[in-house]
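Please walk me through this structure.

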Amino acid sequence: ERRLAVEEADRPATTRDGRTIDVLVNVGAVQDAIDVRGANGSGLVRTEVLFGDRRTPPTVDEQVEAYRAIADALGNKPITIRTWDIGGDKPLPFLPQAKEANPFLGERGLRVFRRRPELLRDQLDAIRRTAAETPVHVMFPMVTTADEVAWALTELGPRDALEVGIMVEVPAAALRVASLARELDFVSIGTNDLTQYTTAADRTNTAVAALADGLDPAVLQLIDHVVRTAGVRVAVCGDLASDPQSAVLLAALGVTELSAVGPQVPLVKARLRQADLSQIDTAAVLAAKDADQVRGLL
Ligand code: PEP
Ligand code: MG
C-alpha cells in the first residue's frame, strides 16, 4: 500500500467528490524536505527544532540559508515558517527561560518575545529576506488574544509578498478566531496543543494520553467552529493531519490544507483520493460521545 502511494505521490489529492486538498510536509530539519515525496510545500517549519542544537542564536544569514535550503528541496513551493515556539516541552539552549511551575501554561511561543523581542526581530528579518526569493508564509505560535496579533504584525512591518497567519492551538483563539484573523491570510490549527488545552491533559504525560485524543468531539467542535468562522484559509498542521482517516474527516469539516510528517504525506494523499467527503456524516461525528465513537463512525 505504501509503495503504491509513494509511486502516486505527485498526483493531486482530489477526493471522489472533486475536492482538492493541499497536502504539505512538517519540517524540523532540511532533510525532512529532501526526503518527502508529493508535498505541496511545507505547512510548518519548526524553527526551534531546526536550530535546536545551537548554543548561540543563529545569525540572520544562517537562518536565510536554512530556510532557502528547505524551499529549494521542496521545489520552491510555499514554505510556512513558524517563528520560535519555545517553552513548554521545547527549551532552546540559546534562549534560557526562567523555571515555571506550569510551563505549558506559561511563557510559550509568541508570549516569550513581548518582553525581549530582539531574537524575534532577527528571525522576522530572515523570513522577509527569504520571502524576497521564494514564496514564504509566516506563522506565529501560541496566540491567545487580538492584542498579540496586532503586536506581532507591528513587529513584522511591511508584508509585501509574505502571507501571514497564526497557529490556532489555544481554545480561546479557536473560539474568537474571526476577530484574530481579521488582518491575516490564514490560520493553521495545531491539534497537538489544541487537544492538550481542550482536554486539560498534558501531551507529554502518558498517564493521561487516552484523554488527549485529537478525535475527541470537543476538539472537533472547535475545529468545526474555526472552519466556519475564521473567514480565511484554514490549515491543520498538528499530528491529526498525519493520520489518513483523521485527515479525511478534517477535509470533510472544510479544512483545505493539511501538513503531515513526511512519511505520511503519500498515505494521506492516497486516502483522500479514495474518499467521498459528501458521504461523511459530520453532524453525527460532532455529536458523538467520545473519540472511540468518532472512530466507529469513520
Ligand atoms: C501543534 O501544537 O499541534 C503543533 C503543530 O505545534 P507543536 O507540536 O510544535 O507544538
Ligand atoms: Mg503547538
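Just after α9, Ala200 has a positive phi of about 50°. Helices here are DSSP runs of H or I with at least four residues, strands are runs of E with at least two, and both are numbered from the N terminus. This is a predicted model, where local features need pLDDT of at least 70, side-chain atom pairs count only at pLDDT 80 or more, and totals for chains, interfaces and linings use all residues. Residues are numbered from 1 along each chain as its sequence is written, while chains are lettered from A and ligands numbered from 1 in the order in which they are written.

Now α9 itself. 7 of its 9 residues are buried, so α9 is largely enclosed by the rest of the structure. Buried means 20 or more other C-beta atoms within 10 Å of the residue's own, with C-beta atoms placed from the backbone. Among the buried residues are Thr191, Asp193 and Tyr197. The buried residues of α9 pack against β6 (163-168), α7 (171-175), β7 (186-189), α10 (217-229) and β8 (233-236). Contact means C-beta atoms, placed from the backbone, within 7 Å.

Next, the ligand. The shell around ligand 1 includes Arg46, Asp85, Glu169 and Asp193. Both β3 (42-46) and α9 (191-199) give two or more residues to this shell. The most come from α9, with 3 residues. A shell residue has its C-beta atom, placed from the backbone, within 6 Å of the ligand.

Finally, the whole chain. The secondary structure comes to 14 helices and 9 strands. Buried residues make up 45% of the 298 residues. The C-alpha atoms fill a box of roughly 50 × 40 × 35 Å, taken along the principal axes.

Conventions
Buried ≥ 20, exposed ≤ 12 C-beta atoms within 10 Å, placed from the backbone. Contact = placed C-beta atoms within 7 Å.
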